[in-house]
Amino acid sequence: MADDPVPELDASTEAALQAGIDPAERIASMSRTELLRRRFLRNPMAWAGMVTFGILVVLAIVMPMIYPHEPYSLDLRADVNTPTADHWFGLTNNGWDTFSRCMHGLRVSLVIGIGTAVLTSIIAILVGTVAGYVGGKGKLGALVDSGLVNLINLFLVIPSLLLLMLFGPILQQASWLWMIPLLAIFSWMLTARVLRAMTQQLVRTEYVEAARFMGVNPVVIVVRHIIPNIASWIIIDTTLGVSAAVLGETGLSFIGFGIERPQVSLGTVLSNYELANPWTWVPAAVILAALVISINLMGEALRDALDPTSGSSRV
């Protein structure tokens, strides 16, 4: 029978062996943050996602400041549907510079995506942890838990798309940033249900019970003992929520109920597509795909790093 292949050791493990340091002791001496960082950075998907996402963020910040054209500035003298030295992605039939629209749209989509994901997580943490902690603790606790669960179920059956189409254009008369709470208010429910179930399990653990018997404030228990133990799942969900929010805003803008003039988003650029002129929509579609894929790659890498059963979780 052939011998089993010898597992390949990474450079740090080989260095530890050469220095006479037990790898098990080296790993045991690491903090949880250091372990997660090493696992995350060992994953090629993490590097691919971070590099792509970093390039897009730099473009969204720098290009609108140095590029000479604005999203809705007209250049009717030029008749170009292909890239030139003055118009890098050409012009639309309306005379708008496509590159400028893509860069400004990328910046708006990033702000909305990150802001919506963070706000969604905050709402879900508040509702989920409160419902999970107070549930089963007397009549008042059961009443609060039941009320929050019914609130979650209510938001799940509300026709969110119709309400977004109704209130989106109205709220944008004040500011396009209203898209962030508008999207977040219809996105937190499933996350809150998962956090409620995870909190209910943690409430039964010995260290939480000991803290309660010692008279520790419930807010302190939730902040110090419950949230840190579900933070891994929250980080993953928030990361993946960015791409979901970007796609949600893009869909609304594409059908005319999202970002409106004078602002522009990737969905707005795609909504002004011209089939005869691929430069009016292909660059925006490529940027959107790269943004969503890079975020999902980072989210999957985080999930692998936090999952002890994953092959990429080895140090």
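**Pocket, cores and confidence**

Tutor: Start with the largest pocket. The model is predicted. In the lining of that pocket, the largest share comes from α11, which gives eight residues.

Student: Which helices supply at least two residues each to that lining?

Tutor: α5 (98-134), α7 (160-171) and α11 (218-254). The lining has 19 residues, and T116, S187, G241, A244 and A245 lie nearest the centre of the pocket. The space in the pocket is about 320 Å³.

Student: How do the lining residues divide into nonpolar, polar and charged?

Tutor: Nine are nonpolar, nine are polar and one is charged. Gly counts as polar here, and Ala as nonpolar.

Student: Why is G115 called partly exposed?

Tutor: The relative accessible area of G115 is 21%. Buried means under 20%, and exposed means over 50%. G115 falls in between, so it is partly exposed. G115 lies in helix α5.

Student: How far apart are G115 and A245, in sequence and in space?

Tutor: They are 130 residues apart in sequence. In space, C-alpha to C-alpha, they are 8.9 Å apart.

Student: What makes a set of residues a nonpolar core?

Tutor: The residues must be buried and nonpolar, and joined through side-chain atoms within 4.5 Å. The largest such core has 32 residues. I112, M179, W188 and I226 have the most contacts inside it. α5, α6 (138-157), α8 (179-184), α9 (189-203), α10 (206-213) and α11 each supply at least two residues of this core. α5 gives the most, with seven residues.

Student: Which residues does W188 contact, leaving aside its neighbours within four places in sequence?

Tutor: T120, I123, A124, V127, L151, I152 and F155. Another core lies apart from the largest one. That other core has 27 residues, among them L56, W96, L106 and A117.

Student: What is the secondary structure of the protein?

Tutor: It comes to 13 helices and zero strands. Of the 315 residues, 42% count as buried.

Student: How much of the contact set links residues 24 or more positions apart?

Tutor: Such pairs account for 69% of the contacts with a separation of 6 or more.

Student: What is the mean pLDDT of the protein?

Tutor: The mean is 85, and 86% of the residues reach 70 or more. Over residues 4-9, pLDDT stays under 50. For that stretch the model has three contacts beyond four places in sequence.

How values were computed:
Residues are numbered from 1 along each chain as its sequence is written. This is a predicted model: local features need pLDDT of at least 70, side-chain atom pairs count only at pLDDT 80 or more; totals for chains, interfaces and linings use all residues. Side-chain values use heavy atoms; hydrogens and water are left out. On a 1 Å grid over the protein atoms alone, a cavity is a set of points where a 1.4 Å probe fits but cannot get out, and a pocket is an open set with protein on both sides within 12 Å along at least five of seven lines; lining residues have an atom within 4 Å of a point. Grid points are joined across faces, edges and corners, and a volume is the space filled by probe spheres set on the points. Helices (H or I, at least four residues) and strands (E, at least two) are DSSP runs, numbered from the N terminus. Buried means under 20% relative accessible area, exposed over 50%, partly exposed in between (1.4 Å probe, protein chains only). Contact means heavy atoms within 4.5 Å. pLDDT is the predictor's confidence in each residue, from 0 to 100.
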